[in-house]
Amino acid sequence: MIVELAFPAVVRAKPPRCASQKQVICAFETLARLKVLAGGEFPVVARMNHLDGQTEEVRHDGQSFYRSICEVGSGRTTFPEWMRAENYLRRTYLKLMDDEHRNTLEFSDLTWPAKGTGRNKGRRYVAFSEVSGFELLDQGDVSRCEGEVSRLTEALLVCGERIWIRCGEPCYRLANSRNLHLDTHLTFSDQNEGRALEEMYISATDPERLRSEWRIVADQQDRARGFAAGSIDALSPSLFVADFDDIGFVKYSDTIARGIAYYLSRHWHGEGEMLMATDPDDIDLWNALRRTVNAMTADGTAASGDDDVVMRAAELWERLGGACYSGSRYFSKEIVNEWFGSTVRNWLDRKIDLEAIVTAGRIYPAQP
């Protein structure tokens with residue numbers, strides 16, 4: 001089936017009557033040939049029952065999960081708005097704007113066209129066919145966006161006159177929101193970017209884990225409001241295989257590396273006294289941890305032997321203070337331990353794989 005689609009994007013170019021290059025808000029429009037599946041070969045494998053009463057069905061094609069976006073005829077209207085709201089346009093729009101509501105880029109001279117004011121508050125998305133004729137058009141941006149549009153289009157199909165997108169495993173998310181209230185969400189594993197410290201992803205097959213983790217991190221105000229969460233009906237439990245403790249352990253390892261970096265560099269502008277006075281063995285351990293984190297991130301999982309490096313580095317981090325900064329926020333070691341404690345324990349206490357023991361661990365190039 002041929003479906004008309006539009007993808008919001010940001011590319012750098014010099015618009016008409018502008019003196020310099022801007023971040024141009026545009027829309028890549030395309031005609032995509034999408035595969036069509038019948039309901040019988042594309043069964044519903046989960047239902048997500050949201051707190052607002054809405055139910056979202058999740059289907060499976062035998063290889064991957066899929067969630068519904070919109071009607072086929074809404075490819076130029078509802079489709080791009082859904083993709084942006086649901087955090088799928090990361091490389092074409094979201095990361096480049098870097099959360100425009102926070103940094104006020106929506107009203108900045110750095111972007112074009114400007115967002116409306118008063119009654120006309122909408123954003124006008126210029127068709128890329130028009131932008132392609134602008135001066136100083138950054139071809140690297142264009143290639144990046146075209147590649148991302150191609151990747152996202154390949155993840156789409158049609159069933160029941162609706163567009164569906166390939167997605168991660170349905171799961172629960174526990175997180176402190178921006179106004180510092182503890183919230184529970186029904187989400188998907190591919191929405192976990194591993195950036196926020198005060199968040200945790202939990203398997204849809206373990207709702208009691210969500211409740212128990214809520215009790216650990218809830219403050220007095222949260223407890224007064226009470227626990228509230230939607231539910232996920234896993235109709236085909238065997239398909240739910242994501243190891244969220246493994247994912248969390250990789251995130252914990254990265255947090256340790258960044259925490260140690262904070263302590264080693266905090267006196268950098270004072271002629272680097274602390275860094276110069278640091279035990280060389282501690283620096284070597286930190287470098288080993290960074291190599292391990294890079295390898296785990298590339299593989300998407302922790303391997304045999306990684307836990308030894310990580311936990312030795314955790315002892316170093318604890319000795320230095322155990323706190324860290326994420327974005328502009330400071331997190332004490334107590335908060336870090338609250339949000340990572342059970343994840344780390346569960347990962348370390350997992351059953352030992354004898355085959356993994358005899359398999360060589362990570363091998364790094366010899367250091368000069």
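Reader: Which helix is the place of Asp-282?
Author: This is a predicted model, in which local features need pLDDT of at least 70, side-chain atom pairs count only at pLDDT 80 or more, and totals for chains, interfaces and linings use all residues. Residues are numbered from 1 along each chain as its sequence is written, and side-chain values use heavy atoms, with hydrogens and water left out. Helices (H or I, at least four residues) and strands (E, at least two) are DSSP runs, numbered from the N terminus. The run of residues 280-299 holds Asp-282 and is helix H10.

Reader: Is Asp-282 buried or exposed?
Author: Buried means under 20% relative accessible area, exposed over 50%, and partly exposed in between (1.4 Å probe, protein chains only). Asp-282 has a relative accessible area of 14%, so it counts as buried.

Reader: Which residues does Asp-282 touch, not counting those up to four places away in sequence?
Author: Contact means heavy atoms within 4.5 Å. With residues up to four places away set aside, Asp-282 touches Leu-316 and Arg-319.

Reader: How many disulfides does the structure hold?
Author: A disulfide is a covalent bond between the sulfur atoms of two cysteines; here the criterion is a pair of cysteine sulfur atoms within 2.5 Å. Cys-18 is buried at 14% relative accessible area, and Cys-70 is buried at 3%. The number of disulfides in the structure is zero.

Reader: Where on helix H1 do its buried residues fall?
Author: Helix H1 covers residues 78-85, and its buried residues are Phe-79, Pro-80, Trp-82 and Met-83. Seen down the axis of H1, they fall within an arc of 160°, taken from the directions from the helix axis to the C-beta atoms. They therefore line one face of the helix.
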